[in-house]
Amino acid sequence: MDKRTLQLLDYYTIRDTISGFCMSEEGKSFFEQIEPASETEIYMPFKTLAFEWTKLLQLQNPVKMCGWTSCAKCFPMLGIEGSVLEVSDVYALGMFCRAVESVKNALLAQNGKLLVKNMLSIAEEMPSLTNAANAIFRIVDEKGEMRDLPQIRAIKNSISKIRRDIAALLKNYTTDVAFKDSLQSDMPTIRGERQVLAVKANFKGRIKGIVHEVSQTGQTVFIEPDDVVQKNNDLIHEEYQLSIEIRKILKELVGELGAFKEDFVLAHEKMVMLDATFAAAVWGIEQKCTFAQDPVAEKPFTLLKARHPLLGKSAVPIDFVFLPNCRVVIITGPNTGGKTVTLKTAALFSALNQSGFPVPAAEGTALPVFDNIFADIGDEQSMEQSLSTFSGHMKNIAHITANATANSLVLLDELGSGTDPQEGGAIAMAVLDYLIEKKAYVLVTTHHGILKNYGFTHEICANASVDFDTNTLSPTYRILMGISGESHALDIAERNGLLPCISKVARNYVVTEQADVSALIRGLTQKHEDLLRLENEHKAEEQKIREKRRKVDLKELQLRQKELELEEQGYRKLEKFAGESRKKLENLVREIREGEITREKTLKVKQYISDLSDSIENEKKILESEKDKLLLQKAELEEKYGRQESFAGKKKKKDRSLQNTGFYQAEENSDLQYPEDFAENVDVLLNGRRGTIIRQDKKDSWIVQFDGLKMSVNQKKLQLAPLVETKPKISIEIAANTDSGGIPGADFSERTETAVFELRLLGMRYEEAMKAVEHQMDLAVLQHLQNFSIIHGKGNGILQQGVHNFLKHCAVVKDYYFAPPEDGGFGKTYVVLKDM
């Protein structure tokens with residue numbers, strides 16, 4: 001990339017800002033190597049890791065990066081014979097090992113939770129430095145100091161004893177009354193790493209010893225007494241022996257760490273990359289950034305709500321789009337309107353994206369990959385090089401035209417300015433012709449009216465302008481695509497204090513053709529605003545239509561719920577009818593068994609069966625009639641409003657929610673079947689919870705798996721689970737038993753709606769949930785189900801509180817309590833009913 005352009009765009013300033021979020025100095029140093037790359041495979045790994053870091057940092061318990069002290073300079077010395085590291089360097093290596101293990105474990109803990117496969121791949125590739133850390137911290141402690149090792153303990157004890165002896169000897173002098181007038185201070189001092197006494201110069205003969213130093217005034221002499229000299233010599237000797245022993249220990253440690261040299265280098269490379277991408281992610285979150293998407297044919301270059309990062313809170317978000325088949329955008333409008341900022345923002349975002357950094361923009365921003373970015377922005381006047389403003393611009397443009405390609409982005413600010421307007425306009429059009437021929441992406445700002453016309457007459461060009469509020473005479477900093485803008489130079493001049501008489505004369509100098517162009521631009525601007533208003537009205541109308549369709553869908557759902565309620569009522573009637581019929585049948589059977597079979601009794605049984613069949617058929621016809629009415633009403637609504645395709649998916653989702661309440665169990669058409677006996681792979685129930693037998697544990701106990709939990713359970717506590725749930729079914733059969741004298745036998749079986757072992761209320765409204773709980777309680781009492789659970793979720797606690805209030809005042813409830821954490825915790829309640 002062109003470094004001069006990157007400096008103009010403040011790219012390096014932004015890069016340094018991002019590096020400030022690194023947790024290590026070596027991570028910050030890595031940013032000095034980062035430059036925008038023209039190949040995707042170079043910057044995409046960095047961009048992917050930064051994106052994954054963003055996801056990890058936005059978790060409720062975000063993953064954090066660990067910092068470390070710079071230690072890369074120590075790696076070459078590891079394993080080299082005779083090499084010795086300082087204790088501080090060894091400590092830095094140990095803390096680096098700790099940082100590696102911490103980051104590695106934190107990332108691996110996210111396996112299966114988030115889609116961060118690149119981060120997990122790095123964590124898995126990162127070698128373990130636990131053994132190296134153990135070796136290091138066997139020598140140094142957590143504060144970075146040498147441990148009290150056996151090899152140096154005796155020397156340290158000797159040094160401590162000598163220091164105590166020296167202190168005692170010196171104390172004899174400082175506390176002796178005979179020397180009180182001879183000493184300048186009663187505290188010993190250090191000179192040349194030896195403890196000495198500060199003696200007044202005129203009393204120096206009283207204390208025999210070696211003079212180490214004389215003060216600048218000559219009033220004080222620093223004397224080491226003779227009896228202390230030998231002790232100080234012994235101290236220096238012991239300290240030297242200590243340093244030799246420590247050096248020996250460190251030399252052995254460096255040799256031992258040589259086995260981990262490659263692991264240190266590889267782990268350091270991964271950690272630096274993680275630290276740099278972590279910094280990019282943190283900066284992106286702070287600046288509310290997004291990661292630019294790859295461009296599509298409809299929008300090859302798109303900026304949405306883009307904000308220049310150096311403008312901070314004062315930045316006005318801009319939308320900017322290169323239309324399909326458009327390579328040149330000519331931006332016009334008033335001074336201070338934001339034209340140059342738009343150019344810089346577009347180019348800076350491209351450079352940031354090609355460095356792997358996020359950009360301060362909204363989702364949907366898409367940026368192509370450029371092989372280079374060129375810019376001619378600002379005043380290039382130079383007195384030292386004898387360059388005028390125009391000459392400076394031409395020098396830059398010559399460099400750009402010589403090096404631009406079809407994949408280059410070119411920024412030309414105030415193209416054609418600084419010279420005669422007619423000639424400057426001609427040069428500007430010729431430069432644009434050349435760049436169009438090269439098919440480069442070009443962003444141009446200008447005040448030349450001839451370039452505005454150029455944008456309208458070339459298919460590959462597009463005009464754009466910065467909006468200007470004519471009421472306040474100030475720019476709004478919005479980009480209007482498709483129309484040219486006026487410069488409003490006279491208005492801005494008046495606003496900045498130009499005398500009215502001067503501006504009036506200036507307006508008279510404006511030629512008719514220019515006035516016509518201004519009128520044309522104002523007309524185009526008005527039409528653009530009208531189109532924008534119509535588009536907004538169209539969107540509002542679409543929103544109304546979607547709302548109507550939503551209401552229709554809701555009505556359809558309500559119809560479905562009504563249909564289910566009718567079916568449920570029908571099943572209850574059948575249940576009541578079956579109970580009454582059973583009593584009548586039992587009476588008939590008893591009469592038949594108690595007496596002889598007569599024609600009258602036989603006719604009575606046949607009449608009963610006929611009446612029973614007619615009653616069932618009548619109930620069925622009534623139910624079918626209600627369903628036909630609902631279907632007719634639904635068809636009328638669909639014919640009137642139409643039907644959204646997406647409703648099928650929403651309906652299925654709602655039906656699943658209803659099914660969880662047990663309402664759908666009535667529609668399953670099969671008989672309950674149970675396994676013959678306890679065995680492997682057989683489903684069983686424990687306190688209403690369903691599980692599967694894995695294998696036999698001991699006598700009369702089995703290993704049962706409940707979801708992801710395996711446990712040993714006594715067979716007495718288990719119940720065989722039904723294989724299939726059933727819908728209500730009434731089957732009545734009366735047949736003559738000719739082998740026993742023709743006495744008819746009766747066989748009656750009945751299946752009703754089954755209470756569920758786990759009632760799910762998730763996704764239901766409060767009223768609907770309470771009805772489901774009440775219905776479940778009725779079924780459980782009828783079917784003698786004493787244990788079941790209710791999943792109400794946590795949320796805001798509304799369903800949880802409602803369920804508990806119901807259970808608290810329900811007469812048949814013996815006990816209720818929250819599930820253990822591994823089975824749902826506060827989002828699930830176990831219910832125990834009284835024995836009925």
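Leaving aside neighbours within four places in sequence, Leu93 touches Cys71, Cys74, Phe75, Leu78, Leu85, Ile136, Leu257 and Phe264. Contact here means heavy atoms within 4.5 Å. The model is predicted: local features need pLDDT of at least 70, side-chain atom pairs count only at pLDDT 80 or more, and totals for chains, interfaces and linings use all residues. Residues are numbered from 1 along each chain as its sequence is written, and side-chain values use heavy atoms, with hydrogens and water left out.

Leu93 belongs to the largest nonpolar core, which has 121 residues. Such a core is a set of buried Ala, Val, Leu, Ile, Met, Phe, Trp, Tyr and Cys residues joined through side-chain atoms within 4.5 Å. Buried means under 20% relative accessible area, exposed means over 50%, and partly exposed lies in between (1.4 Å probe, protein chains only). Trp53, Leu93, Phe96, Met146, Phe264 and Phe320 have the most contacts inside this core. Helix α10 (residues 261-286) gives the largest share, eleven residues. Helices (H or I, at least four residues) and strands (E, at least two) are DSSP runs, numbered from the N terminus. A second, separate core has 23 residues, including Ala769, Ala772, Phe788 and Leu807. In soluble globular proteins, nonpolar side chains tend to be buried together.

**A four-stranded sheet**

Two strands pair if DSSP finds at least two bridges between them. β22 runs antiparallel to β23 (residues 828-833), joined by five bridges. Asp815 stands opposite Val832 in β23.

Which residues of α21 are buried? They are Leu799, Gln800, Gly802, Val803, His804 and Leu807. Their cover includes α20, β21, β22 and β23. The length of α21 also checks out: at 1.5 Å a residue, its twelve residues should span 16 Å, and its end C-alpha atoms are 17 Å apart, which agrees. The expected span is 1.5 Å times one less than the number of residues.

**A covered strand**

Strand β9 (residues 408-412) is mostly covered, with five of its five residues buried. Ser408, Val410 and Leu412 point one way, while Leu409 and Leu411 point the other way. β9 pairs in the parallel sense with β8 (residues 372-376) over five bridges. It also runs parallel to β10 (residues 441-445), joined by four bridges. Leu409 stands opposite Ile373, and its bridge partner in β10 is Tyr441. β9, helix α13 (residues 421-438) and β10 make a right-handed β-α-β unit. Right-handed means that, with the strands pointing away from the viewer, the path from the first strand over the helix to the second runs clockwise.

**A buried loop residue**

Pro36 lies in the loop between α3 (25-31) and α4 (40-57). Why does Pro36 count as buried? Its relative accessibility is 8%. Pro36 and Ser355 are 319 residues apart in sequence, yet 4.5 Å apart in space, C-alpha to C-alpha. Leaving aside neighbours within four places in sequence, the contacts of Pro36 include Met1, Tyr11 and Ser355.
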